[in-house]
Every structure is written in structure tokens, then in C-alpha cells.
Amino acid sequence: MSKKIYLDNASTTPVEKEVLKEMIPYFSEKFGNPSSIHGLGQEAKVAIDKSRKKIANFLGCDSEEVIFTGSATEANNIFIRGVLGSFENPHVITSAIEHDAVLKTVKKSGVDYTVLKVDEDGFVNPEDLKKKIKKETVLVSVMYANNEIGTIEPIKRIGEMIEKENEGRDRKILFHTDAAQAAGYLSCNVDELGVDGLTLSGHKIYGPKGVGVLYKGSSVNMRPIIYGGGQEEGLRSGTYNTPLIVGMAKAVELIKEKNKKEKTEELRDYLIREVLKIKDASLNGPKKSRLPNNTNFSFQGAEGESLVMILDQEGISTSTGSACSSKTLEPSHVLKAIGLKDLQAHSSLRVSLGRKTTKKDLDKFLAVLKEAVERLRKISGR
Ligand code: PLP
């Protein structure tokens, strides 16, 4: 059996062994409830506090501004619904290519909202955003980097624009970014970015699934969306999941050492060059300002799902669009937002690289891909 090749790192990543090692004692040895005052509880509390400090270092914020959640989805919901729920008659602005954890949350919030169009590479235009601001606007949520096409949004520029805009306003606009995909490769210093809220996910950065982080600037007022024991300043009630929190912090701590940005970019560019040699293949998303580990292509006349299946039979994992929503047969809202027709969107393949990806893996992938595209085109009569 030949080696499995995993090229779906935007969907999820394996837990790094150092991360697992840190987590294990907190399952059944150091299992105390961090809210208990006895020794076992306090031992777990110390671990949570240390984890919080590590995340705060990564974000350049105070420990008190770090909230542990059950996922990035939950962090997005807590911030967006929490902020909107604390204003009367609020208006919120987001972009058309957000993950559903933001887009659906905004659309279902029951408040006035604007969804910004993006250009053909997926970029939000800060000037366009500025024009959409109303006097009721209380929140802007634009993702740091897109999970399907890798577009890195101009978060710093948007942050600066909002800061300027806020100078003359009674109702200050808060700025939130979903950094679930960005955190592995881009700086997440919240002051430099100019954000009031930021979301992270454990399993996108070689940490465990089922844990996320919400950065909430100390001046942000918001309502809880769930009620219970009052953990995390009352904003995320529920007993602390110590092993996952410890794992998340270790994963964040290892990013710098383990994620090789330049090497990944080189491999990405090699892959793009080689894939575009295939007739009628096109790249979705930008050439520049793109996540180092993301590629996304369309192959005219070859269906994306069939490509994924053929590649899988050869031990290569890839995906069409976003794995989180690929159960639906609807074409990806992201690919539609950048102007792809349904047929082009259905012929898309996302190939996302990771720490373990080698040039040899990509060469094997390319060989299988070329044959698969040819075979599918023959079947579809193209
Ligand atoms: N936000 C983005 C940009 C994502 O890519 C994902 C997962 O694909 C999520 C949020 C959801 O993350 P989680 O699985 O931690 O809820």
C-alpha cells in the first residue's frame, strides 16, 4: 500500500504529537474542575491560566481578553450575536465570502445587514465598505483569509478606515475578523490589525477539534448567548475542557516553529504552475495575497466531486469547495461570489498543503490529476 497523501489541510489538520502529549494528563490524571477550590481543581486552573497567557502572547493582548470556546463557529456566534444583542436597532456589515459560521449568523440575526460584494479574486474593497456604513452600523465582520480560495483580506486597512470613521461617531463600529484559516501563517497581533474581535480554531493549526478562541477587546460590551455557570466572564458558560484548551495553547505556541511559510509558498507556486499547464485548467482566487497553503482550481469538463473520488482511490485526500459545507449540492457561495458559473464551480478542486507536504507528494498528485481530468473529460464528451 503506497503512502497516503493528505492535501486537505484547510479542512482539518492532525494533532501534532507535542500537542497530544501536553493534553493527555488532563483527561484522567489532572482531571479536576478548574472552578473547584481543592488542589485538583486548582491544578487544572493553573493549566488554563497558562494556556490563556500563551494565546494572549500570540494575539498581543491581555489574558483577560481571551475567551475559550468550543470551536471557531461558536466564537463567531458569541461575538456577532453578543454584540448585536446589546444594541437597539443595529446594522452589521459582512462579506459575501465569509464562512457560514459568520454569514449565516449575520443573516439569521434578525437585524439589518449588508453583505459586501468581492472582486473576482475575492477581495473586499475598503472604500466600498466605507460607503456601506450607516449611522446604525455597530459591527463589521470580514474574514482574515478565505478557507476556499485563500484570499487574504486587507484587514489592517479596513481596521484603519474604521478607526478613522469612529472619530466622529457616537455609535462606535466594532471590527471582528475570523482568523481560523489565517492563524497558521499570518500575524494575528490584534493591535496591529485594529480589531475588537478575532476568532481562532484549534483543529486548523494542528491542535484538537472542538476548541476555539475568541479575542474580545476589553472595551467591547456584549450579551451572552448561552447561560449557565458563568465561566469566561459569563460569555461562555460550561465546564472548562482542560485537555482541549491546553492542546489549543500548545498548538498556537508551535506555529512559528513548525509552519514553514516560505517553503509552503514555494510548493504552492510550483503546484499552481504545474496544474495550469493542464489544458483548460484555471486558478480560483488570487495569485498574490493568498494563503501559503491554499490552491483552488477549476477544470472545464471534469466534475470536482469525481476528481476527489478518483484521487481518493489513489490515496490522495483533497476537497471540492469547503469540506465544512460540502454536504450540500449547491455550488459554493464563495466561488459564485467571485463570478464563477455553476458549471465552473462544480468543476473545482481545493488542494491545501500542510507541514508534511513534499514536492514528491505534489508530483504524485499531479500525475494522478492529469489522468483523472482526461478520463472525466472523455466521459463528459469534452
Ligand atoms: N471559519 C473559517 C474561516 C473556517 O475555515 C472554518 C472551518 O472550516 C470555521 C470558521 C469553523 O471552524 P470550527 O470547525 O472550529 O467551528
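Two packed helices are described by the angle between their axes and the distance between the axes. In the predicted structure, helix α10, which spans residues 261-275, and helix α14, which spans residues 359-380, have axes that come within 11 Å and cross at roughly 20°. Because angles under 35 degrees count as roughly parallel, this crossing makes α10 roughly parallel to α14. The crossing of these two helices, α10 and α14, is right-handed. On the side of α10, the contact involves Leu267, Tyr270, Leu271, Glu274 and Val275, and these residues meet Lys359, Leu362, Asp363, Phe365, Leu366 and Leu369 in α14. When the residues of the contact between α10 and α14 are sorted by class, 8 are nonpolar and 3 are charged, whereas no polar residues take part.

Helix α14 also packs against helix α11, which covers residues 304-313, and the axes of this pair come within 10 Å and cross at roughly 135°. That angle makes α11 oblique to α14, and the crossing of α11 and α14 is right-handed. From α11, the residues Ser306, Leu307, Ile310 and Leu311 contribute to the contact, while α14 supplies Phe365, Val368, Leu369, Ala372, Val373, Arg375 and Leu376. Of the residues in the contact of α11 with α14, 9 are nonpolar, 1 is polar and 1 is charged. Phe365 and Leu369 of α14 are listed in the contact with α10 and are listed again in the contact with α11.

A further contact is formed by helix α4, residues 72-84, and helix α5, residues 100-107, whose axes come within 9 Å and cross at roughly 30°. The crossing of α4 and α5 is right-handed. In this contact, Thr73, Asn76, Asn77, Ile80 and Arg81 of α4 meet Ala101, Val102, Thr105 and Val106 of α5. By class, the contact of α4 with α5 comprises 4 nonpolar residues, 4 polar residues and 1 charged residue.

The lining of the largest cavity draws on residues from several parts of the numbering, namely Asn9 and Thr13, then Ala180, Gln181, Gly184 and Tyr185, then Lys204, Ile205 and Tyr206, and finally Asn259, Asn293 and Leu353. By class, this lining of the largest cavity has 5 nonpolar and 6 polar residues, together with 1 charged residue.

Key: Residues numbered from 1 in each chain as written. Predicted model: local features only at pLDDT ≥ 70, side-chain atom pairs only at ≥ 80, totals over all residues. Heavy atoms only, no water. Axes fitted to C-alpha atoms, helices over the stretch in contact; angles between N-to-C directions. Helix = DSSP H or I, 4+ residues; strand = E, 2+ residues; numbered from the N terminus. Parallel < 35°, antiparallel > 145°, perpendicular 65-115°, else oblique. Left-handed = near helix turned anticlockwise from the far one by under 90°. Contact = heavy atoms within 4.5 Å. Nonpolar A, V, L, I, M, F, W, Y, C, P; charged D, E, K, R; others polar. 1 Å grid on protein atoms, 1.4 Å probe; cavity = no way out; pocket = protein on both sides within 12 Å on 5 of 7 lines; lining within 4 Å.
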